[in-house]
Amino acid sequence: MIKNKTGIAITVLLVFVLSSSCSKKISGSNRSTNHRNEASNDMNLWLTKADQSVLFQRQGGMLSFGTATNINPTINVDTTQTFQTIDGFGYSLTGGSAYVINRLPLPVKSDLLKELFGKDSNSISISYLRISIGASDLDATVFSYDDMPAGEADINLDHFSLNHDKADVIPLLKEILAVNPAIKILGSPWSPPVWMKDNGSSKGGSLLPLYYDAYAKYFVKYVQMMKAEGITIDAITPQNEPLHPGNNPSMLMVATQERDFIKNNLGPSFKAAGISTKIITYDHNCDRPDYPLTILNDAAAKPFVNGSAFHLYGGDISALSQVHDAHPDKAVYFTEQWTGSKEDFKDNLKWHLKNVIIGSMRNWSRIALEWNLASDQNYNPHTPGGCDECKGALIIDGSVRRMVSYYIVAHAAKFVPPGSIRIASNITGSLYNVAFKTPSGQKVLIVENDGTRATDFNIGFNGKRVNTSLPAESVGTYVW
């Protein structure tokens, strides 16, 4: 994965979800609003402050709709204007994440999985996971599912095996599916087997045309064998960060190569095998929208492609809308953004809420994923040459500590379940925001106050308004 940009100061109004205990774990039993106020309270607010004095806590006090006017700016929420349907929010479950989580004491791990993936009042309700097909750079070692001795190939994939994943990833996925059977899973490879590459190395190089068909069958086998384990792969991307061949593992796959691989090999192989797993192209930075457009503009490749995936280590989040507008019949996805060990909680909170959560959603994304779910206190495991500063949403060092990515995702995942629809809301001043209507009919407004002062404002809905205030550089989620 690419080392990231600096965070831009951004404030986020978080989701109205559960309250967090002083251990920073949310607790549905901590309800500060008293019972006599519940009946007339129209809206709930969940707040996270950049100074960490409040971490994903439900706020007390009254938020009631009325008709009185004031001079404060207004965010108007309009359910009559609808946009994309949401598939979910979550993280990458790397091999390293699975390794550290699996080494927790069983009762602690069980409670953690319920907190992360459950749907009760103590849960943040993660609904989407990305996993690596073979090793990512946050595995302890480099591997593929069909490694061969130097100089040998296995065109028929007779040696294909998921044994590496059976140590940690597959067992943990089964436990997660027991908590949330509906969770969606996206698979992305960092590198094919090295015998398929022109440099014979896990780092860099390109896929030899001689092995395009074998590599397509590699994906087919992966999807089929994961299904045999009880794990449905909802979607795949052909290559993680295809324009970044400097990681370990990694591979260079330019747009014309991915286009030809999809239309001549991967797409037809999925069709012949009756595989409904989505093919999502690109999976890299917003500075190269020309890459997915090269594929979507090809009449033979486009029918096999469900959409395009993006990261934001370069470019602007508006690139998602550029690709969507060119091909509105195809989806867009936001699949990765890291938080680094040397980065500031405040800067990460603001930048990621503004860009990853609010920005990607306002630019048609169906998902918003942070990078690594968990690491140890030294940001391990990782491959030799892999990312040594990638901070998990959880730091597991005998106990479980919740880092900034936990709160970034929680503000959306808890309140915006799959099947929710983005609805219209206007940005006013420093109040960046995005709104949703859930399948149950609730309205959710996530606001980030990007300014350096507390801001009083209104939330307008159906001709009435609620007056509220968001502290400087804070995030809130409003639910009604």
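Student: Is Asp329 buried or exposed?

Tutor: This is a predicted model, so read every value as computed. Exposed means over 50% relative accessible area. Asp329 has 54%, so Asp329 counts as exposed.

Student: Where in the chain does Asp329 lie?

Tutor: Look at the loop between helix H8 (319-326) and strand S12 (331-336). Asp329 sits there. Its side chain makes a polar contact with the side chain of Lys302, at 3.3 Å. Now compare sequence and space. Asp329 and Ile367 are 38 residues apart in sequence, and their C-alpha atoms are 17 Å apart.

Student: What about Ser360: is it buried or exposed?

Tutor: Buried means under 20% relative accessible area. Ser360 has 0%, so Ser360 is buried. Ser360 belongs to helix H9 (residues 345-362).

Student: Which residues does Ser360 touch, not counting residues up to four places away in sequence?

Tutor: Ser360 touches Ile317, Leu320, Phe334, Asn355, Ser365, Ile367 and Ala368.

Student: And what is the relative accessible area of Gln59?

Tutor: The area for Gln59 is 23%, so Gln59 is partly exposed. Gln59 is in the loop between strand S4 (57-58) and strand S5 (74-85). Its side chain reaches the backbone oxygen of Gln57 at 2.9 Å. Gly204 is 145 residues from Gln59 along the chain, and their C-alpha atoms are separated by 50 Å.

Student: How many residues does the largest nonpolar core have?

Tutor: Start with the general idea. In soluble globular proteins, nonpolar side chains tend to be buried together. Here, the largest nonpolar core has 109 residues. Phe89, Tyr222 and Ile446 have the most contacts inside it. Helix H5 (residues 212-228) gives the largest share of this core, 10 residues. There is also a second, separate core of 19 residues, including Met43, Leu47, Ile75 and Phe461.

Student: Which residues is Tyr222 in contact with, leaving aside neighbours within four places in sequence?

Tutor: The partners of Tyr222 are Ile131, Ser132, Ile133, Tyr145, Phe160, Leu162 and Ile233.

Student: How do I read a helix? What should the 19 residues of H6 span?

Tutor: Count 1.5 Å a residue. Helix H6 (residues 255-273) should then span 27 Å. The end C-alpha atoms of H6 are 25 Å apart, which agrees.

Student: Where does H6 bend?

Tutor: The bend is at Ile262, by about 50°. Just after H6, Gly274 takes a positive phi of about 70°.

Student: What do the buried residues of H6 pack against?

Tutor: They pack against H5, strand S9 (235-236), strand S10 (278-286) and helix H7 (290-296). Among the buried residues of H6 are Glu258, Phe261, Ile262 and Leu266.

Student: Now the sheet. In what order do its nine strands come?

Tutor: First, the general idea. Strands of a sheet pair through backbone hydrogen bonds, either parallel or antiparallel. In this open sheet the order is S4-S3-S22-S19-S18-S17-S5-S20-S21, and the pairing is mixed.

Student: Which are the edge strands?

Tutor: S4 and strand S21 (464-470) are the edges, and each pairs on one side only.

Student: How many bridges join S18 to strand S19?

Tutor: Seven bridges join them, and the two strands run antiparallel. S19 covers residues 443-449. In S19, Val444 is the bridge partner of Phe436. The hairpin of S18 and S19 has five residues between the strands, and Gly441 there takes a positive phi near 95°.

Student: And what lies on the S17 side of S18?

Tutor: Strand S17 (residues 421-425) pairs with S18 over three bridges, in the antiparallel sense. Arg422 has Phe436 of S18 as its bridge partner. S17 and S18 also form a hairpin, with five residues between them. In that turn, Gly429 has a positive phi of about 60°. S18 (residues 431-437) is mostly covered, with five of its seven residues buried.

Student: Which strands does S5 pair with, and is each pairing parallel or antiparallel?

Tutor: S5 and S20 run parallel, joined by three bridges. Asn76 has Gly460 of S20 as its bridge partner. S5 and S17 run antiparallel, joined by four bridges.

Student: How many bridges pair S20 with S21?

Tutor: Strand S20 (residues 455-461) and S21 pair over seven bridges, in the antiparallel sense.

How values were computed
Residues numbered from 1 in each chain as written. Predicted model: local features only at pLDDT ≥ 70, side-chain atom pairs only at ≥ 80, totals over all residues. Heavy atoms only, no water. Buried < 20%, exposed > 50% of the residue type's maximum accessible area, 1.4 Å probe, protein only. Contact = heavy atoms within 4.5 Å. Polar contact = N/O pair within 3.5 Å; in protein donor to acceptor, adjacent residues only side chain to side chain. Core = buried A, V, L, I, M, F, W, Y, C linked by side-chain atoms within 4.5 Å. Expected span 1.5 Å × (residues − 1). Bend = angle between axes of the 7 residues up to and from the residue. Pairing = 2+ DSSP bridges.
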